[in-house]
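Look through the sequence and the structure below before reading on. The paragraphs after them go from confidence to domains, then to helices, strands, ligands and single residues.

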Amino acid sequence: MALISVRVVERPRRTFAMQIYLVEVWKGLAITFRHLFVNLYRHLLRRPNASVTIQYPEDPAVLGKRARTRHRLLKRDDGAPRCTACLLCETICPAKCIRITAENAPDVLVEKRAKTFQIDLGMCVYCGYCVEACPVDAIHMDADDVAVSRYSRKDMIWNMAELMGDKPKLPSASTAD
Ligand code: SF4
Ligand code: SF4
């Protein structure tokens with residue numbers, strides 16, 4: 001008979017001070033007020049590490065270096081899409097917002113290529129899984145474009161030419177969904 005090892009984890013003992021909550025509440029408030037006054041002090045002295053509210057969209061959004069922004073499809077040296085239509089990004093996407101159709105590539109070493117490639121940015125959760133999954137580094141999320149909202153759901157869908165930067169994303173003639 002196989003022996004099963006069981007590890008008993010003791011519950012931490014709650015002291016009287018913990019049970020009446022007041023001490024814990026004051027500890028939490030102390031942290032909140034510490035952040036408030038430290039940030040106020042930095043703000044008054046115009047220190048660069050002060051938290052500030054950006055008046056977006058009048059002021060441009062300040063993006064971190066590693067911010068995930070709108071997707072971009074990369075090209076080969078000959079201008080053809082780097083994507084080999086392996087469908088890994090479509091498969092891993094938790095929002096199911098990538099749609100790819102494949103066709104044979106003229107280059108036998110590439111085998112397949114994407115015939116159509118669409119991302120519905122209205123459904124995307126910007127998790128970055130598609131970028132992580134791509135085996136040929138064909139998709140990036142570094143277009144530095146966060147103003148992707150449109151008036152219709154249809155306009156939130158970006159196609160291959162738009163994602164490769166060959167064609168600007170223009171609003172469709174009809175705004176009906
Ligand atoms: S970022 Fe995430 S949700 Fe958006 S297309 Fe890629 S895998 Fe899908
Ligand atoms: S994972 Fe990369 S190569 Fe595969 S379909 Fe997506 S973009 Fe194309």
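pLDDT is the predictor's confidence in each residue, on a scale from 0 to 100. Helices (H or I, at least four residues) and strands (E, at least two) are runs assigned by DSSP and numbered from the N terminus. This is a predicted model, in which local features need pLDDT of at least 70 and side-chain atom pairs count only at pLDDT 80 or more, while totals for chains, interfaces and linings use all residues. Residues are numbered from 1 along each chain as its sequence is written, and chains are lettered from A and ligands numbered from 1 in the order in which they are written.

The protein has an average pLDDT of 90, and 95% of its residues score at least 70. Which of its elements have the lowest and the highest mean pLDDT? The lowest mean, 88, belongs to helix α1 (residues 16–19), and the highest, 98, to strand β4 (residues 139–140).

The protein is divided into two parts, domain 1 (15–52) and domain 2 (72–163). These bounds come from an automatic or database domain assignment. Between the C-alpha centres of domain 1 and domain 2 there are 44 Å.

Helix α2 covers residues 22–44. The expected span of a helix is 1.5 Å times one less than its number of residues. To describe how covered a residue is, other C-beta atoms within 10 Å of its own are counted: 20 or more make it buried, 12 or fewer make it exposed, and a count in between makes it partly exposed, with C-beta atoms placed from the backbone. Helix α2 is hardly covered, as the count of buried residues among its 23 residues is zero. After α2 comes arginine 46, which has a positive phi near 55°.

The loop between α2 and β1 (72–73) contains proline 57. Tyrosine 56 and proline 57 are joined by a cis peptide bond, with omega about 10°. Most residues other than glycine have a negative phi, and most peptide bonds are trans. Aspartate 59 is found in the loop between α2 and β1 as well. Is aspartate 59 buried or exposed? It counts as exposed because it has 10 C-beta neighbours inside 10 Å. The C-alpha atom of aspartate 59 is separated by 38 Å from that of leucine 87, 28 residues away along the chain.

Next come the strands. Two strands pair if DSSP finds at least two bridges between them. An open sheet of three strands, with antiparallel pairing, has the order β2-β3-β5. Its edge strands are β2 (98–104) and β5 (157–158), each of which pairs on one side only. Strands β2 and β3 run antiparallel and are joined by seven bridges; alanine 102 stands opposite alanine 114 in β3. Strand β3 (residues 112–120) also pairs with β5 in the antiparallel sense, over two bridges. Here isoleucine 119 has tryptophan 158 of β5 as its bridge partner.

Now turn to the ligands. A residue is near a molecule if its C-beta atom, placed from the backbone, lies within 6 Å of it. Ligand 1 is surrounded by 13 residues, and the closest are Cys93, Cys124, Cys127, Tyr129 and Cys130. Ala, Val, Leu, Ile, Met, Phe, Trp, Tyr, Cys and Pro count as nonpolar, Asp, Glu, Lys and Arg as charged, and the others, Gly among them, as polar. By this division, the shell around ligand 1 has 12 nonpolar residues, one polar and no charged. Around ligand 2 there are 13 residues, the closest being Cys83, Cys86, Leu88, Cys89 and Cys134. Its shell divides into 12 nonpolar, one polar and no charged.

A few single residues remain. Alanine 133 lies in helix α4 (residues 129–133). It is partly exposed because 16 other C-beta atoms lie within 10 Å. The C-alpha atoms of alanine 133 and leucine 88 are separated by 6.2 Å, although the two are 45 residues apart along the chain. Lysine 96, in the loop between α3 (88–92) and β2, has a positive phi near 55°. With 10 C-beta neighbours inside 10 Å, lysine 96 counts as exposed. Aspartate 137, in the loop between α4 and β4, has a positive phi near 55°. It is exposed, with 9 other C-beta atoms within 10 Å.
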